Amino acid sequence: MQEMIRAQDVRKTFTLSRRQMAIEKTRSNKKVALDGLSFTAYEGQIYGLLGPNGAGKTTMLRILATLIRADSGEAYVAGHEVLREAEKVRASIGFLTSELKLEDFFTPAYLFMFFGRLHGLSDDVIQKRRQELFEKFGIDRFAEVKVGDLSTGMKQKVSIVISILHDPNIIIFDEPTNGLDVITERIVVNFLKELREQGKCIIISSHIFSLIEKICDRVVIIIRGKSVCCDTLENVMAGQPLEDRFFELYENMEGKADE
């Protein structure tokens, strides 16, 4: 099984503004987002980063996508080091984040062509991929509708197809089903399973236990920037519902922090 992503002892600290310090209710202007996080992901698997809001999941994904730099540690994507070979990393991945905001004025068809050309694809290839993905996600009828007039679910589907239009081997999705209705969520879940069958390596972050249980092969539970459990889904659950297992680990972590 081929290794596709490797993170080793990744650490990241952010400097907080006074306003952020007030929100965090802390006197320190430093926030540790990642505290030595390590994991490895392989082809043909869906890997889940599970943790509460603020645990460090999005920070880790942004480091893998070359959007921010780690303070220390190493990260490799498709064999490329994320700092020294950032362009090769970006060409290897499809990255979806809630921070991706599609311009309201443009249509899905225009944006698909625009980003396809940015990836260096020919117009013929872009048209073929558009037909395939728009049909799969039910975007066909909305191809020429301005993004600003689309529903939240349709905007998410457009964001997904744009993020993987170049058919990358590594998919990195941050909270891919957040805010979706049950029908759209099912479409996204089934699509991720299809990508796994194609041998893609898929990393998702989520705080939704049912989603992780439904599709993930391996899981890393992240609490306060640390990996407290990293294994196959079955081993992480240890014979319990994933939610129960998570809170067992969470309470144990909180107990140690209070000592």
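**Close-up 1. The exposed residues of helix 7.** Val-182, Ile-183, Arg-186 and Glu-197 are exposed on one side of helix 7. The model shown here is predicted. Helix 7 runs through residues 182-197, 16 residues in total. From first C-alpha to last, helix 7 reaches 23 Å, close to the 22 Å expected at 1.5 Å a residue.

**Close-up 2. The buried side of helix 7.** Turn now to the other side. Thr-184, Glu-185, Val-188, Val-189, Phe-191, Leu-192, Leu-195 and Arg-196 are the buried residues of helix 7. These residues cover an arc of only 160° around the axis, so they sit on the same side of helix 7. What do the buried residues of helix 7 pack against? Among the helices, their partners are helix 5 (123-137), helix 6 (152-163) and helix 8 (209-215). Strand 3 (46-50), strand 7 (170-174) and strand 8 (201-206) are partners too.

Close-up 3. Helix 5 has 15 residues. Its span from first C-alpha to last is 21 Å, close to the 21 Å expected at 1.5 Å a residue. Ile-126, Arg-129, Leu-133, Phe-134 and Phe-137 are its buried residues. They cover an arc of only 120° around the axis, which puts them on the same side of helix 5. The cover over these buried residues includes helix 4, helix 6 and helix 7. Which exposed residues does the face turned away from the buried side carry? They are Asp-124, Lys-128, Gln-131 and Glu-135.

Close-up 4. Tyr-110, Phe-114 and Leu-118 make a nonpolar surface patch of about 320 Å². Tyr-110 lies in helix 4, which covers residues 108-118.

**Close-up 5. Val-228 and its contacts.** Val-228 is found in strand 10, residues 226-232. Its relative accessibility is 26%, so Val-228 counts as partly exposed. Which residues does Val-228 touch, not counting residues up to four places away in sequence? They are Ile-221, Ile-223, Leu-249 and Met-253. Lys-136 is 92 residues from Val-228 in sequence. In space, the two are 37 Å apart, C-alpha to C-alpha.

Notes:
Residues are numbered from 1 along each chain as its sequence is written. This is a predicted model: local features need pLDDT of at least 70, side-chain atom pairs count only at pLDDT 80 or more; totals for chains, interfaces and linings use all residues. Side-chain values use heavy atoms; hydrogens and water are left out. Patches are made of residues with over 30% relative accessible area and no salt bridge: like charges are joined within 9 Å, nonpolar side chains (Val, Leu, Ile, Met, Phe, Trp, Tyr) within 5 Å. Accessible areas come from the Shrake-Rupley method with a 1.4 Å probe; for residues, only the protein chains shown count as cover. A salt bridge is a side-chain nitrogen of Lys or Arg within 4 Å of a carboxyl oxygen of Asp or Glu. Helices (H or I, at least four residues) and strands (E, at least two) are DSSP runs, numbered from the N terminus. The expected span of a helix is 1.5 Å times one less than its number of residues. Buried means under 20% relative accessible area, exposed over 50%, partly exposed in between (1.4 Å probe, protein chains only). The arc is that of the directions from the helix axis to the C-beta atoms. Contact means heavy atoms within 4.5 Å.
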